[in-house]
Amino acid sequence: MYQKLDGRNWRHIWIAGDIHGCYQWLMDELARRNFIPGQDLLISVGDLIDRGPDSIKCLELMRENWFYAVRGNHEQMALDAISKNDFSLWTLNGGIWFSSLSHPQKLLAMELLKETSALPHIIEITCDNGKNVVAHADYPSDHYAWDKSVNKQQVLWERHRLTTFMCGKGEGISGADHFWFGHTPVDKRYDFGNLHYIDTGAVFGGVLTLAQLQ
């Protein structure tokens, strides 16, 4: 469920909001930042797939040594669809691309989707800016601790903390310097204390946010 990285292994470290198949857009954004694969690291808050044009290319990023990701709810929907042989929920939520693939493409996609089962729910990385915790939707506790048992469903789906903050209330999380989340499309990056929400709706006509940690 947890994965720990050491930021000292890379020159620069970036974190990306929900990519949702927008592979070329991501590559363009990395090029603008003079991203050097191997020297630099990119971490995704999850939802590599669905809705955008290049879900397979985004899944193939998992095989790059400069790319890490946490599991998103869209990866989980795909895994559930495969394991239950019921594709209805996933298809309704952006997974329609899978059914339109050729047979060879579908075999590759199936292989890659199964590999998402190895993605952690939470990444912890210590960088120049301190201890960073990355999860898709939320860290469902008021205090972070390595390997602490938390509800996986809430990590992937929970929106209550963000919606509460948007109403002018809300509670932060202790135990790390920064927490990074995606999942809920917002009109701009929102920072509430040490909590950062960076799904700025690229696939919905917004922007693809990349935040530099180091």
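Mentor: Gladly! Let's begin with length: the expected span of a helix is 1.5 Å times one less than its number of residues. Keep in mind that this is a predicted model.

Trainee: How does the span of H5 fit that rule?

Mentor: H5 has 13 residues and should span 18 Å, and because its end C-alpha atoms are 19 Å apart, the two agree. Helix H3 (residues 73–84) can be read likewise: its 12 residues reach 16 Å from first C-alpha to last, close to the expected 16 Å. Just after H3, asparagine 85 takes a positive phi of about 55 degrees.

Trainee: Which residues of H5 are buried, and where do they lie on the helix?

Mentor: Buried means under 20% relative accessible area. In H5, that applies to Ala109, Leu112 and Leu113. Seen down the axis of H5, the buried residues fall within an arc of 100 degrees, so they line one face of the helix. The face turned away from that buried side carries the exposed residues His103, Pro104 and Leu107.

Trainee: What do the buried residues of H5 pack against?

Mentor: Their partners are helix H2 (55–60), H3 and H4.

Trainee: How do the axes of H4 and H5 cross?

Mentor: They come within 10 Å and cross at roughly 135 degrees, which makes H4 oblique to H5. In this contact, Trp90, Trp97, Phe98 and Ser99 of H4 meet Lys106, Ala109, Met110 and Leu113 of H5. By type, the contact residues divide into six nonpolar, one polar and one charged.

Conventions:
Residues numbered from 1 in each chain as written. Predicted model: local features only at pLDDT ≥ 70, side-chain atom pairs only at ≥ 80, totals over all residues. Heavy atoms only, no water. Helix = DSSP H or I, 4+ residues; strand = E, 2+ residues; numbered from the N terminus. Axes fitted to C-alpha atoms, helices over the stretch in contact; angles between N-to-C directions. Parallel < 35°, antiparallel > 145°, perpendicular 65-115°, else oblique. Contact = heavy atoms within 4.5 Å. Nonpolar A, V, L, I, M, F, W, Y, C, P; charged D, E, K, R; others polar. Buried < 20%, exposed > 50% of the residue type's maximum accessible area, 1.4 Å probe, protein only. Arc of directions from axis to C-beta.
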